[in-house]
Amino acid sequence: MQRESFIDWLDRHAGRVFLFPAIFLVLAFSIFPLIISAWLALSRFQISANGYDITFIGLLNFKKLIFGSQQFHLVGTFAPVPILGWLVLVAVAGMVLWALWGYLRSGSVTILGVVGRFISFGLAILLALMFTFTLGDKAQIGSLATTLFYVVVGVSMQFLIGTGLAWLCAQKIKGRDFFRVVFFVPMMVTPVGVAYMFRMLADMKQGPFSPAWRGAGLGEFAWSTNAWSAKSMVVVGDVWQWVPFIFIVMLAAFESQPRDEIEAAELDGASPWQIFRDITWPSVAPVAATIVLIRVIEAFKIIDLPNVLTNGGPGIATESLTLHSFIDWRTLSLGTSAAVAYILLFVSTVTCVSFFNFVVLPMRQRRT
Amino acid sequence: MTVTLDKVAKSFGATRVLHELDLAAEPGEFVVLLGASGSGKTTALRMIAGLETTSSGTITIAGRDVTNVLPKNRDVAMVFQSYALYPHKTVAENIGYPLMIRGLPRAERDKQIKDVADQVELGPYLDRYPRQLSGGQRQRVALARAMVRRPAVFLMDEPLSNLDAKLRGHMRAELKHMQHGLGITTIYVTHDQVEAMTLAHRVALLEGGKLQQLAAPKEIYNDPANLFVARFIGSPPMNLLHGRLDAGTFLLGDRRIGTASHGTSADAVLGVRPEDCRVTEPATGTLMAEVYATELIGDHTLVTAKLSADMLTLKAGKDFDAPVGTSLGIAIAPERTYLFDGPTGLRLR
Amino acid sequence: MSVFESRRLGRMAPAAAVIIYGLLGAWTLAVIFPIYWLVVTSIKVRLDVTGGPFYLPFIDFTPSGHAWHYIFYDLGNDTFRPYYNSIIVACFSTLVVMIIGTGASYALARLSFKPRLFSVVLFIFSVIGALLMVAAAGLDWRIAVAVALAIFALLAWALRRVPSPTLANADILFWLISQRIFPPVVAAIPIYVMFQRIGLLDTHAGLILAYVTVNLPIVIWLMYDFFVSIPRDLDESAELDGASKFRVFWDIVLPLARPGLVATSLLVFIFAWNEYLLALFLSTANAQTIPILVSAQNGTRGPEWEYMSVLILIMILPVIVLTLLLQRFIAKGLLLGAVKG
């Protein structure tokens, strides 16, 4: 048997040649930093005479953030619980118990399932508790809750507006292509630009809406000095930017509904609402679930908007977890910076995996 | 060039797709791998091409062991069932692709492309794209691309199955003529027995990954090796009656049928082709039956006759017109019968 | 029939039409107005900005090119440098990530990989070993990496017969794509330290490398669907005709995937252009990109709307143009298959 030429040897291993650079890059930039970050999160970083010192301190950073001197930053400050707080807690607890009961009754219980649910539901309850206790008048919510606020409120609004616009566009209107192009633009505008744009737009004194604010008696109100109005402005900017994403995908989903089924239902005399509920929604639900998941994944990472729009302020009111980590890094508190990053990693991964398992998969299965 | 498969077997994971297959194709021979889907015929073909690895056994082409050689170095050309034409290249570029890879200069390439295109009557279409061609034309492009290489072996994977019936018949003749003219060893896969019988020098019938019989079409038709072959080849299929064989006489219920065999078996199957059964008077026939259905084919009538427990198909004249339920006799010449052992399916001689 | 239902076949009821067009029109305004405001503000002088909102050029105020002149001439280099950096980093990172990502997703779509879980775990431990060597023993990182790789290779070969579950293509694909869930901030600090050691901090190359890594999952995810939809027969036919796998990729597969390539490249370029966090961490002075410039200017020039508007306009104009190019592909549903799947 003749010896293979080098070209042929390369050809035989072509698969590895194609794949290897990608694997190598991802390993170098994910596994490697992940481990270092973990180590940093468990150490104290100090500038010393000859550069810097890193001493291992175990979970002290996490303790400081969750219970100790930095608690106000991550978790928030506590106060008597308002009604809203109790409502949130009861609602979350209720949902968790219902889901758990449904699972245990389902008859297909596995160890992985139980462990997974334990983590997901446990986290949900903890977060709900955190919310509840930091929601009061004198209280202040921390970066963890703020991030969740951005994710939950932001993505919900993006989804509602985006799907609504998509549904409107899917009707028999003229100029659908025009709307498609125009609506797509905000998604690609650099987030830093979006932040500044809204900073200008929201200005109460010289912004384009100031006549309206003055008329409503808000002329002297500076939205950036109030915690919740500042947070809301971040959400407004985020919504403006990301509605297009939902819109484009949902429009495509609406356009690819099963025409036959709809025509049959129309002939049978079904009302538009019935058609939407029974045919349209089931066919777009899997796509909707996937798209929301994608947005949730990205929303956890938000930093451009809070940084440029409000600089994390007032105080720490608009700080997302990423921003919190960045600020700690800038102030050379590397240990807590890495710890916050890890907390973000944990919360976002559990949330995304839970969402995937409890929402996306069932929607997909129901379709097939 | 000779192509040999020596104890070639293939498993995907735990599933055995091909049991040790021995096959040798002579230079210039047209061998057809015939079988239903899942019989292993396409797997065998792809292993010859090098698109699948063997689990065991060796493959040689022109005396060279190619079992571990890359497909591009085996000197085989393949016509795919889907034709696999490159949609973004013209007909000329499609045909010329193998030549371009080998670095043939432009002028020489164009000449060879034109030669082959003329042979398959694609001359006027060289600048078209595949999507502008009909099914038959695309098939010829695929053929031309294989021909232009003058390979050691042609491999064809059901190339005619995507064509309509009329075109298929026409292309069959074309293929046969072309292969005869070029004299290149061809391995051809199909599930259509008509294609196998008309095109092949020899047919290899496969079932469940095992070779059932390897023989020339005439022999496979007239001398089936086992029950499966007997059932598969022939349209309408061979009649099969279950009964006992006693020293060469087949016992069906209370009827006795003389056969050409000498054996004895408690569980035997008698096979007789429809064209070897004659309609006679009920009294003089080897078997008695009644008419179940008649179908006028054109030049003959296909009669389905019901025996006590079995059905029999036979061919009668085009004027045969008996109504359902008429009694008739069926004459079977002993030398036209085939006997098989019930449990194993093997032919009893 | 309610007032919203159509009375004529094929046309909408007037009441419904009013509401629908009204809502769509409202959102169109919401989209266009902020950008309009940017443009209008960029041609104002300071007085027009602070003196309360003026909306229409030539009617409410006299437009002036002052801000533009200032940014381009007076600030010249300060503006051009980040712009130049943005262009270089976005272009090259797009090029590199498309090459690496397309190759990887083609391999995953066509060929079958079966890495052993054991080997993967072994590799991770080697990495940890290398890190310990550097941290504890203060070894030069190049030596540590070489030693770790050597140990890994040795162990992998020596223990190659150890039984272990194998992973499949789907697992590799999932892992690569799930990298997107990873908040970049977790990796930012270590990468900062890594770059500092290797000397890649505040360089084009460093940023390009980082951008390539974060955008790789997108490229792989989107191109995978394209490659899977190209019939395997074409690959095999070309292989039999004598083409090596590289040739098949170049001659046959890539041309057929061209729309996907263009759409994905545009998308990735836009993401690279807009990238903020990594640039924030990994560039300090020389390699700053435009988003960082804007963010920094926000601090010093915050209230100077007219200058900021110019900066932001030149920052977002390229991506808006590219977006208009890209949306043609989106409209054809090209990238959406990946989302649905």
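**Legends to close-up views of the predicted complex**

**View 1. Chain B as a whole.** In chain B, 63% of the contacts with a separation of 6 or more are between residues 24 or more positions apart. This is a predicted model, and the predictor assigns the complex an ipTM of 0.80 and a pTM of 0.79. Chain B contains eight helices and 21 strands. Its C-alpha trace extends over about 80 × 45 × 35 Å along the principal axes. Of the 349 residues in chain B, 40% are buried.

**View 2. The two domains of chain B.** Domain 1 of chain B covers residues 3-230, and domain 2 covers residues 240-348. Their centres, taken over C-alpha atoms, are separated by 39 Å. Six residues from domain 1 of chain B and seven residues from domain 2 of chain B form the contact. On the domain 1 side, the residues are five nonpolar and one polar, with no charged residue.

**View 3. Chain A as a whole.** Chain A is built with 16 helices and four strands. Its C-alpha atoms occupy a box of roughly 90 × 80 × 50 Å along the principal axes. Buried residues account for 39% of the 368 residues of chain A. For contacts in chain A between residues at least 6 apart in sequence, 72% link residues at least 24 apart.

**View 4. The two domains of chain A.** Residues 79-138 of chain A make up domain 1, and residues 139-367 make up domain 2. The C-alpha centres of these two domains of chain A are 23 Å apart. In the contact between them, 12 residues of domain 1 of chain A meet 10 residues of domain 2 of chain A. The domain 1 side of this contact has seven nonpolar, three polar and two charged residues.

**View 5. Helix α8 of chain A.** Helix α8 of chain A runs over residues 176-184, and its buried residues are A:Phe179, A:Phe183 and A:Phe184. Viewed down the axis of α8(A), these buried residues lie within an arc of 120 degrees, so they line one face of the helix. An α-helix has 3.6 residues a turn, so residues three or four places apart point the same way. Which exposed residues does the face of α8(A) turned away from its buried side carry? They are A:Asp177 and A:Phe178.

**View 6. Chain C as a whole.** Chain C has 16 helices and zero strands. Of its 341 residues, 40% are buried. Contacts in chain C with a separation of 6 or more are made to 74% by residues 24 or more positions apart. The mean pLDDT of chain C is 81, with 89% of its residues at 70 or more. Where pLDDT is low, the predicted coordinates should not be read in detail.

**View 7. The contact between chains C and A.** Here 76 residues of chain C are in contact with 77 residues of chain A. Which helix gives the largest share of the chain C side? Helix α15 of chain C, residues 305-331, supplies that share with 12 residues. By class, the side of chain C that touches chain A comprises 58 nonpolar, 15 polar and three charged residues.

Conventions. Residues are numbered from 1 along each chain as its sequence is written. Chains are lettered from A and ligands numbered from 1 in the order in which they are written. This is a predicted model: local features need pLDDT of at least 70, side-chain atom pairs count only at pLDDT 80 or more; totals for chains, interfaces and linings use all residues. Two residues are in contact if their C-beta atoms, placed from the backbone, lie within 7 Å. Helices (H or I, at least four residues) and strands (E, at least two) are DSSP runs, numbered from the N terminus. Ala, Val, Leu, Ile, Met, Phe, Trp, Tyr, Cys and Pro count as nonpolar, Asp, Glu, Lys and Arg as charged, and the others, Gly among them, as polar. pLDDT is the predictor's confidence in each residue, from 0 to 100. Domain bounds come from an automatic or database domain assignment. A residue is buried if 20 or more other C-beta atoms lie within 10 Å of its own, exposed if 12 or fewer, and partly exposed in between; C-beta atoms are placed from the backbone. The arc is that of the directions from the helix axis to the C-beta atoms.
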